[in-house]
Amino acid sequence: MRPDGKRAKGLTPIMQAIPYIMPKRYDALNWSNENLDEDALKAYIREKRKEGRAVTHMSVLAAAYYKAVLQNPKINYFVMNGKIYERNHFCFSFVILKTRADGTPDETVLKVYLKPEDDVFTISDRIRAEIEKNMEAVHNNNTDKFLNVIFAIPGLARCVISLAGLLDKIGLLPKFIIDLSPFHTSLFITNLASINTNQIYHHCYEFGTTSVFLCMGKPVLDPIAQENGKRKKLMPITAVMDERIATGIEYSRFFATMMKYVKNPTLLETRMDGKDVKAAE
């Protein structure tokens with residue numbers, strides 16, 4: 001039993017064998033891409049803002065992903081040391097760009113935990129709160145502070161990271177380290193549209209437990225579709241995923257479910273687990 005999960009049960013022999021056939025995460029990565037209807041997404045975001053609700057592209061994508069995970073739980077599995085684990089929580093990591101006190105740009109990685117009772121609005125609030133807390137020029141989150149300490153002493157970083165990797169493999173990495181690590185996450189998201197950059201296929205890290213990496217690129221004009229004589233805008237997204245945690249058909253069903261929610265984000269305005277609020281209480 002690891003602090004972040006337990007051994008997955010009921011796996012087929014081939015699924016149990018695959019992590020030994022492909023022991024490294026970079027051996028097992030598959031790539032996929034999709035285009036979101038940017039015009040429809042922006043219209044939804046504007047509508048919610050008129051209602052006093054601050055919703056963003058990232059919160060819609062994260063909510064749609066999580067809601068689909070609750071219906072396809074294998075996508076929240078991860079592989080460590082040849083074994084497949086069922087994660088006991090859901091979280092996602094993302095990078096924000098901020099400016100230091102001297103004016104130079106800086107990056108900070110944040111991690112947000114989601115719960116079945118969340119909806120797209122509470123997810124948006126949690127993302128915004130984390131960003132606001134970490135945008136202060138003098139502020140460093142706990143991950144930054146930890147890294148600053150170990151990099152202050154020559155040679156310590158290499159020792160600490162190597163030891164963490166070893167303890168992780170044998171399931172003894174302390175929970176507080178897992179909580180600090182942005183690489184121990186259900187999902188990593190990068191929003192390159194925020195810096196006006198095209199989408200990329202971002203690798204999943206070998207260190208940690210990231211099984212899926214999503215990237216949002218800057219919106220582009222649809223080369224085909226027209227609406228009232230005007231070309232629509234699309235937002236390209238890419239997915240890089242560890243094929244060892246689920247079969248092709250399971251991934252296919254998962255992404256079909258996720259895209260259903262992205263295309264109709266009003267479905268994300270109720271609890272992620274689909275339960276009635278009164279019944280859940």
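Rings of Phe, Tyr and Trp (its six-membered ring) are taken to pair if their centres lie within 6.5 Å, and planes under 30 degrees apart count as stacked, over 60 as edge-to-face and the rest as tilted. The model is predicted, with local features needing pLDDT of at least 70 and side-chain atom pairs counting only at pLDDT 80 or more, while totals for chains, interfaces and linings use all residues. Residues are numbered from 1 along each chain as its sequence is written, and side-chain values use heavy atoms, with hydrogens and water left out.

By the pairing rule there are 12 aromatic pairs, and one aromatic cluster is formed by Tyr65, Tyr66, Phe90, Tyr251, Phe254 and Phe255. Two pairs are set out here.

| Pair | Distance of centres | Angle of planes | Class |
|---|---|---|---|
| Tyr65 and Phe90 | 6.0 Å | 40 degrees | tilted |
| Tyr251 and Phe255 | 6.2 Å | 15 degrees | stacked |

Because Tyr65 lies in helix α3 and Phe90 in strand β5 (residues 90-99), their pair ties together parts that are 25 residues apart in sequence; helices (H or I, at least four residues) and strands (E, at least two) are DSSP runs, numbered from the N terminus. Tyr251 and Phe255, by contrast, both lie in helix α8 (residues 248-263), 4 residues apart, or about one turn of the helix.

Tyr65 is buried at 1% relative accessibility, as is Phe90 at 3%, where buried means under 20% relative accessible area, exposed over 50% and partly exposed in between (1.4 Å probe, protein chains only).
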